[in-house]
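Welcome! Here is a short briefing on how the parts of each chain sit against one another. Keep the picture open as you read.

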Amino acid sequence: MISMECPSMNQELFKQGAEARIYKSSIFNKPCIVKERFLKCYRHPTLHKKLSDKRMIQEARSLVRCHTIGVRTPLVYHTDLDTHKLYLELLPHPLLNDLISSLEAREQQSADITDTIRDVGRQIALMHDNDVIHGDLTTLNILVDIKSGDSYFIDFGLSSVSSLSEDKAVDLYVLERAITSSHPKMSQLFTDILTSYAQYSSKTAKTLNKLKEVRQRGRKRIMIG
Amino acid sequence: MSIAIGFEGSANKLGIGIIRDGVILSNLRCTYITPPGHGFQPKFTAIHHRSEIIDLLQRSLKTAGVDPKDISCVCYTKGPGMGAPLVSVAVVARTLSQLWGKPLVGVNHCIAHIEMGRHVTGASDPTVLYVSGGNTQVIAYSNRKYRIFGETIDIAVGNCLDRFARVIKLSNDPSPGYNIEQLAKQGNRYLELPYSVKGMDVAFSGITSHIESVAVKAMESGEYTKADLCFSLQETIFAMLVEVTERAMAHTGSQEVLIVGGVGCNERLQDMMRQMCNERGAKLCATDERYCIDNGAMIAHTGLEMFKCGVTTELKDSWCTQRYRTDEVDILWRD
């Protein structure tokens, strides 16, 4: 049996997301990230347990599945459902969101990250071709290795497995909205991601047609005709 | 010194408000209430507004102590909302504008809720949760637009509550949501319901049809009481709303939450949001029923802000629209 260091030792709070606290720690003598889904006081305990269990299990499964098919994600080192802790590979890369913001601040063109954007589109296509739906595709859930330009996907808490073009289109729509609402001047980036997605995905036409449908769905949309 | 009068009638509330540079001089309201088990239909809501508006106008001017000649602009709700009620109120605003020789300002109803909420609570740059019978949106400001981060992809949260109130035959007086809130306080058995969050978007129609299908059976068998069902519904849908708001906050880095719209005066929703804010070291800004529920003062206040930036609506453009996105309006009065 493998003996394990007590992971609760020397944990350093790294980030607080919407539903989990992220600590830097180590396991098996390797640096790691601990993602702990903490108790949300506002939620009914039954509902909270249902959501936390489901999301943690789904996150671990999707990460493993992504790794198998070649989508860049952190490795899963260990899972502990009792304490709702997920031990993941530490990836020391900045967020795509911060990269875009710094380009915006310097009023630079998106040319600097062309390769990365293409890679993002390619990897989403790979995910979708293998029926992994991320569920929360935003620029805060994509890391970028500055040196290589490679992108990494994190936070699969809302992920699911589905072959429906509907679910894939909604996944893309969530990303589109995230980009256009937080980087209104850089909305071209989504078009670029989609171009790359179309190039690599095997079921492009169906998904993109569905995307057009999904876009019309928000309430109070202007309807012409 | 500028005075504005605002007319609101996009749903079942008819409201007239008079504002002098941010100071509310009057804010009267008159609600069309239907019997238990019934919703409000556009045609009859419009008839209600038409029959009440002149009396409400006279009382508003009297309460405010304002002479029509002192008014700078006449503001009305251009949309979104129900067609017939919107039009019945716009007719009055248009007529008064010509009668008094004052410019007309068409106001977006959602923007008015946000601006009134900011004005009353003093929130500077909040993440906004706008929840009512017809709208459910998570909104944040950037670059002269209120941008929609998340919204419902089917029905509004208030619509979900209203429909459920009809199923269990709760009174619509003063509002179905208020009666669900009161009854939920006596409930404690939690019935698991579908929970539907997609990124920052939410969906309620699945919950509505699920609870409709199990409600009657659960009550007849005595396993769950009416109160338990109200409790379970509130706990589930409010948890969804708080979750998407928190997601938007994580996205924008904002430390303030403002809740507006009719469902926003629900104290359980406010409590849950406050707990979420406390966990993050953020601040909750909420208002009471005077400003949460549709009212005329919010239209007057926002119309006056627009008027001061030089926006007026020509007579030929003074139509109404059922569909009017929050992110369509240029916010000229903010940096």
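In this predicted model, the C-alpha centres of domain 1 of chain A and domain 2 of chain A are 23 Å apart. Domain 1 of chain A covers residues 12-89, and domain 2 of chain A covers residues 96-224. Chain B is also divided, into domain 1 (3-113 + 291-328) and domain 2 (125-289). Let's take each pair of domains in turn.

**Chain A: the contact between its domains**

- On the domain 1 side of chain A, 15 residues are in contact with 19 residues of domain 2 of chain A.
- Together, domain 1 and domain 2 of chain A bury about 1,400 Å² between them, with 57% of that area on carbon and sulfur atoms.

- Three salt bridges are found across the interface of domain 1 and domain 2 of chain A.
- Asp155(A) and Lys35(A) form a salt bridge, and their closest N and O atoms are 2.9 Å apart.
- The interface of domain 1 and domain 2 of chain A also has eight residue pairs in polar contact, counting pairs with both residues at pLDDT 80 or more.
- Which elements give two or more residues to the side of domain 1 of chain A that touches domain 2 of chain A? They are strand E3 (30-37) and helix H1 (45-69) of chain A.
- H1(A) gives the most to that side of domain 1 of chain A, with eight residues.
- Sorted by class, this side of domain 1 of chain A has five nonpolar, four polar and six charged residues.

**Chain B: the contact between its domains**

- The C-alpha centres of domain 1 and domain 2 of chain B lie 26 Å apart.
- Here 20 residues of domain 1 of chain B are in contact with 24 residues of domain 2 of chain B.
- About 1,800 Å² is buried between domain 1 and domain 2 of chain B, 58% of it on carbon and sulfur atoms.
- Look for His113(B), Cys292(B) and Thr326(B), which supply 29% of the area that domain 1 of chain B buries against domain 2 of chain B, more than any other three residues.

- Arg325(B) forms a salt bridge with Glu151(B), with the closest N and O atoms 3.1 Å apart.
- Eleven residue pairs are in polar contact between domain 1 and domain 2 of chain B, with both residues at pLDDT 80 or more.
- Helix H3 (109-121) and helix H9 (289-292) of chain B are the elements that give two or more residues to the side of domain 1 of chain B that touches domain 2 of chain B.
- H3(B) gives the most to this side of domain 1 of chain B, with four residues.
- By class, this side of domain 1 of chain B has nine nonpolar, seven polar and four charged residues.

- An unreviewed UniProt entry places the feature "domain: Gcp-like" at residues 31-300 of chain B.
- Over residues 31-300, chain B is 52% helix and 17% strand.
- The end C-alpha atoms of residues 31-300 of chain B are 19 Å apart.

How values were computed:
Residues numbered from 1 in each chain as written. Chains lettered and ligands numbered in written order. Predicted model: local features only at pLDDT ≥ 70, side-chain atom pairs only at ≥ 80, totals over all residues. Heavy atoms only, no water. Domains from an automatic or database assignment. Contact = heavy atoms within 4.5 Å. Buried area = accessible area lost by both parts, 1.4 Å probe. Salt bridge = Lys/Arg side-chain N within 4 Å of Asp/Glu carboxyl O. Polar contact = N/O pair within 3.5 Å; in protein donor to acceptor, adjacent residues only side chain to side chain. Nonpolar A, V, L, I, M, F, W, Y, C, P; charged D, E, K, R; others polar. UniProt positions renumbered as here; feature names shortened; annotations may be inferred.
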